[in-house]
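Me: I am new to this structure. Please show me how to read its features, one at a time.

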Amino acid sequence: MLGILLIYFIGKRFYDLSEEYNQNKWLYAILGVVLYYVSSFVFGMLIALLDIYVFDWGIDWDNNFGANFNGLPVAILALWGFYMFLESKWKKSVIVVKNEIEDIGKNIEDI
């Protein structure tokens, strides 16, 4: 149940960001959720490989809640980085619309 709420809030945040900058809303909402799962999976695989072949930490891999909880900080960090990247990229490409109709007939010194 908590996973569904997490998916909702991740998708909603990326949906709102893309709506603010007139981008494809559903694409970035789904991309945010996919990034969460992919980053958590990659981190889990990295930890599993390090546990099995290098350090022998003895992690209980049958505990699904513990394994999911370990990937949560890395997934949130990846989401934050992706969110900041998109926001800075879209801020640079925003075109400010200037109402030039009011400037017709004014001298250059008045502008």
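Reply: A note on the source comes before the features. This is a predicted model, in which local features need pLDDT of at least 70 and side-chain atom pairs count only at pLDDT 80 or more, while totals for chains, interfaces and linings use all residues. Residues are numbered from 1 along each chain as its sequence is written, and side-chain values use heavy atoms, with hydrogens and water left out.

Me: How many helices and strands are there in the protein?

Reply: Helices (H or I, at least four residues) and strands (E, at least two) are DSSP runs, numbered from the N terminus. The protein has 3 helices and 0 strands, and along the sequence the pattern reads α-α-α.

Me: What share of the residues is buried?

Reply: Buried means under 20% relative accessible area, exposed means over 50%, and partly exposed lies in between (1.4 Å probe, protein chains only). Of the 111 residues in the protein, 22% are buried.

Me: How is a pair of aromatic rings described?

Reply: The description uses the distance of the centres and the angle of the planes. Rings of Phe, Tyr and Trp (its six-membered ring) pair if their centres lie within 6.5 Å; planes under 30 degrees apart count as stacked, over 60 as edge-to-face and the rest as tilted. This rule gives 7 aromatic pairs. One of them is edge-to-face because the ring centres of Tyr8 and Phe9 are 5.1 Å apart and their planes are at 70°. Tyr8 is partly exposed, with a relative accessible area of 46%, and Phe9 is exposed, at 52%.

Me: Why is the pair of Phe14 and Phe82 tilted?

Reply: The pair counts as tilted because the planes are at 35°, with the centres 5.7 Å apart. Phe14 is in helix α1 (residues 2–20) and Phe82 in helix α3 (residues 64–92), so the pair links distant parts of the chain, 68 residues apart. Both Phe14 and Phe82 are buried. Ring pairs also link Phe14, Phe82 and Tyr83 into a cluster.

Me: Where is Ser40, and which residues does it touch?

Reply: Ser40 lies in helix α2 (residues 25–55). Its relative accessible area is 16%, so Ser40 is buried. Contact means heavy atoms within 4.5 Å. Leaving aside residues up to four places away in sequence, Ser40 touches Gly71 and Ala75.

Me: What share of the contacts in the protein joins residues 24 or more positions apart?

Reply: Among contacts with a separation of 6 or more, such residues account for 60%.
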